[in-house]
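Hi,

Here is the structure I promised to send over.

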Amino acid sequence: MTEPIPEPFRPSPDGMNVSPFHALMQHLRHPELGCPWDKSRTLSSMAESLLGEAREAGEALQKDDRQHQCEELGDVFLNVMLATVIAEDEGRFTWKDVVEGATLKLIRRHPHVFGDKKAGSPEEALKMFNEAKAAEKNRPATVTPAPAAKPQTPPAPAPAKVVSPASAGASPSGSGAVPTRPTGREALTDRTSDLIDGWPN
């Protein structure tokens, strides 16, 4: 039996509209209605969760473990979205920035699809992809400043409010912040986009 999902967070019929899921993440970090664990997360503390879920998803794909592939890929997406909402709360960048960055990246790196070049094999396509990627190192920054952070107020769910630390991809008893390399806002947006576009990086 399918568990009921409160109306504000119910996926669209085709599942392609991520707005309800984004609203769910905002709700979990709501100052008053949210989960203490999710509200405590930072971009640094998300690193361990994201890396762990990515490894588990990779293992499920390599082993062709169909029973867990969908679940593990969902866990990766969950962590990407939560990290992005944290970034939004801090005024770094938005989910729109992440999606636009991934979209533009895929178009730039596929001149054989969106340009006048031709690729007769997967190897040629990958070569063009890597050449376009290398050329991007010299392009100017294009990410615009994010608006100042402000409290998120998504619509309240149905009367029964249940939140769980499971949404963070790790238990509250897990380890804390994980040291990460210093990174600018554009680089952080780009890395998040890389998890979406799915090509080698």
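Asp89 and Arg29 make a salt bridge, with 2.7 Å between the closest N and O atoms. Bear in mind that this is a predicted model. Asp89 sits in helix α4 and Arg29 in the loop between α1 and α2 (36-40), so this pair ties together parts that are 60 residues apart in sequence. Arg29 counts as buried, because its relative accessibility is 14%, and the cut-off for buried is under 20%.

The total comes to 7 salt bridges. As a reminder, side chains of opposite charge can pair when their charged atoms come close. Another of these bridges joins Glu136 to Arg109, where the closest N and O atoms are 2.8 Å apart. Glu136 belongs to the loop between α7 (122-135) and α8 (185-197), while Arg109 belongs to the loop between α5 and α6 (111-114), so the bridge ties together parts 27 residues apart in sequence. Both Glu136 and Arg109 are buried. If you click around there, you will also find Arg108: Arg108, Arg109 and Glu136 are linked in a network of salt bridges.

Then there is Asp64, whose side chain meets that of Arg66 in a salt bridge at 3.6 Å, N to O. How exposed are these two? Asp64 is partly exposed, at a relative accessible area of 45%, whereas Arg66 counts as exposed, since its relative accessibility is 66% and exposed means over 50%. Asp64 is also worth a look for its backbone: it comes just after α3 and takes a positive phi of about 55 degrees.

While you are at that end of α3, follow the helix itself. α3 has 20 residues and spans 28 Å from its first C-alpha to its last, close to the 28 Å expected at 1.5 Å a residue. Its buried residues are Ser45, Met46, Ala47, Ser49, Gly52, Glu53, Ala57 and Ala60. What do the buried residues of α3 pack against? They pack against α4.

Now to the aromatics. The structure holds 2 aromatic pairs. In one of them, the rings of Phe21 and Phe77 have centres 5.2 Å apart and planes at 25 degrees, so the pair is stacked; the cut-off for that is under 30 degrees. This pair links distant parts of the chain, with Phe21 in helix α1 (residues 19-28) and Phe77 in helix α4 (residues 66-89), 56 residues apart. Phe21 counts as partly exposed at 25% relative accessibility, and Phe77 is partly exposed too, with 31%.

Phe77 also pairs with Trp95: their ring centres are 6.1 Å apart and the planes stand at 75 degrees, so this pair is edge-to-face. Phe77 lies in helix α4 and Trp95 in helix α5 (residues 95-108), so the pair ties together parts that are 18 residues apart in sequence. Trp95 is buried, with a relative accessible area of 13%. Taken together, Phe21, Phe77 and Trp95 form one aromatic cluster.

Trp95 turns up again in the nonpolar core. In soluble globular proteins, nonpolar side chains tend to be buried together. Here the largest nonpolar core has 15 residues, and those with the most contacts inside it are Met25, Met81, Leu82 and Trp95. At least two residues of this core come from each of α1, α3 (43-62), α4 and α5. Which helix gives the most to this core? That is α4, with 8 residues.

Leaving aside its neighbours within four places in sequence, Met81 is in contact with Val18, Phe21, His22, Met25 and Trp95. Phe21 and Trp95 in that list are also members of the aromatic cluster.

Last, the cysteines. How many disulfides does a search of the whole structure find? The search comes back with 0. Among the cysteines, Cys35 counts as buried at 4% relative accessibility, whereas Cys70 is exposed, with a relative accessible area of 64%.

Cheers

How values were computed:
Residues numbered from 1 in each chain as written. Predicted model: local features only at pLDDT ≥ 70, side-chain atom pairs only at ≥ 80, totals over all residues. Heavy atoms only, no water. Phe/Tyr/Trp six-rings, centres within 6.5 Å; stacked < 30°, edge-to-face > 60°. Helix = DSSP H or I, 4+ residues; strand = E, 2+ residues; numbered from the N terminus. Buried < 20%, exposed > 50% of the residue type's maximum accessible area, 1.4 Å probe, protein only. Disulfide = S-S within 2.5 Å. Core = buried A, V, L, I, M, F, W, Y, C linked by side-chain atoms within 4.5 Å. Contact = heavy atoms within 4.5 Å. Salt bridge = Lys/Arg side-chain N within 4 Å of Asp/Glu carboxyl O. Expected span 1.5 Å × (residues − 1).
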